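Hi,

Here is the structure I promised to pass on.

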Amino acid sequence: NHLAITETQQVLDDIALGKGPQHFLALVGKSMWEAGQLEEEVMNNMWIPIPFSFDLVFETPNGKKWQKALATLKIDSNLLAHQAGKA
């Protein structure tokens, strides 16, 4: 309910002036999928979606997010294959 994604310069300016959101992540990158590609990847279990967690996104150190995210589903990261593919 209180999460937003933006690419506007105004938000960065507000953060620099101390007027922006209290919690934020500044990310730089680019992701691209062809039409239907992401849906196909989800259907083929190439993604592990979990419910949004404020604590996970804003309070957990980056190096611990993967394990904590999997733990919400009771998945041990040591039991996952290290490469994608069909069995």
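Let me start with glutamate 41: setting aside neighbours within four places in sequence, glutamate 41 is in contact with Trp33, Met46 and Trp47, where contact means heavy atoms within 4.5 Å. Before going further, please note that this is a predicted model, in which local features need pLDDT of at least 70 and side-chain atom pairs count only at pLDDT 80 or more, while totals for chains, interfaces and linings use all residues. Residues are numbered from 1 along each chain as its sequence is written, and side-chain values use heavy atoms, with hydrogens and water left out.

Glutamate 41 lies in helix H2; helices are DSSP runs (H or I, at least four residues), numbered from the N terminus. Glutamate 41 counts as buried because its relative accessibility is 15%. The cut-offs here are under 20% relative accessible area for buried, over 50% for exposed, and partly exposed in between (1.4 Å probe, protein chains only). The side chain of glutamate 41 also makes a polar contact with the side chain of tryptophan 33, at 3.3 Å. For a polar contact I take a pair of N or O atoms within 3.5 Å; within protein, one must be able to donate a hydrogen and the other to accept it, and residues adjacent in sequence count only if both atoms are side-chain atoms.

Tryptophan 33 itself sits in the loop between helix H1 (9-16) and helix H2 (37-43), and with 38% relative accessibility it counts as partly exposed.

Now the aromatic rings. The structure holds 2 aromatic pairs. Rings of Phe, Tyr and Trp (its six-membered ring) pair if their centres lie within 6.5 Å; planes under 30 degrees apart count as stacked, over 60 as edge-to-face and the rest as tilted. Tryptophan 33 and tryptophan 47 form a tilted pair, 6.1 Å centre to centre with 55° between the planes. This pair links distant parts of the chain, 14 residues apart: tryptophan 33 is in the loop between H1 and H2, and tryptophan 47 in the loop between H2 and H3. Tryptophan 47 is partly exposed, at 40% relative accessible area.

The pair formed by phenylalanine 54 and phenylalanine 58 is tilted too, with 4.9 Å centre to centre and 40° between the planes. About one helical turn separates phenylalanine 54 from phenylalanine 58, because they are 4 residues apart in helix H3. Phenylalanine 54 is partly exposed at 38% relative accessibility, and phenylalanine 58 is partly exposed at 23%.

Two backbone angles may interest you. Asparagine 45 has a phi near 60°, a positive value in a residue other than glycine. Asparagine 45 is in the loop between H2 and helix H3 (54-59) and counts as exposed, with 66% relative accessibility. Lysine 74 also has a positive phi near 60°, again in a residue other than glycine. Lysine 74 lies in the segment after helix H4 (62-71) and is exposed at 78% relative accessibility.

Finally, a word on the segment before H1, where threonine 8 lies. Threonine 8 is partly exposed, with a relative accessible area of 38%, and a polar contact of 3.1 Å joins its side chain to that of threonine 6. Threonine 8 and glutamine 37 are 29 residues apart in sequence and 27 Å apart in space, C-alpha to C-alpha.

Best wishes
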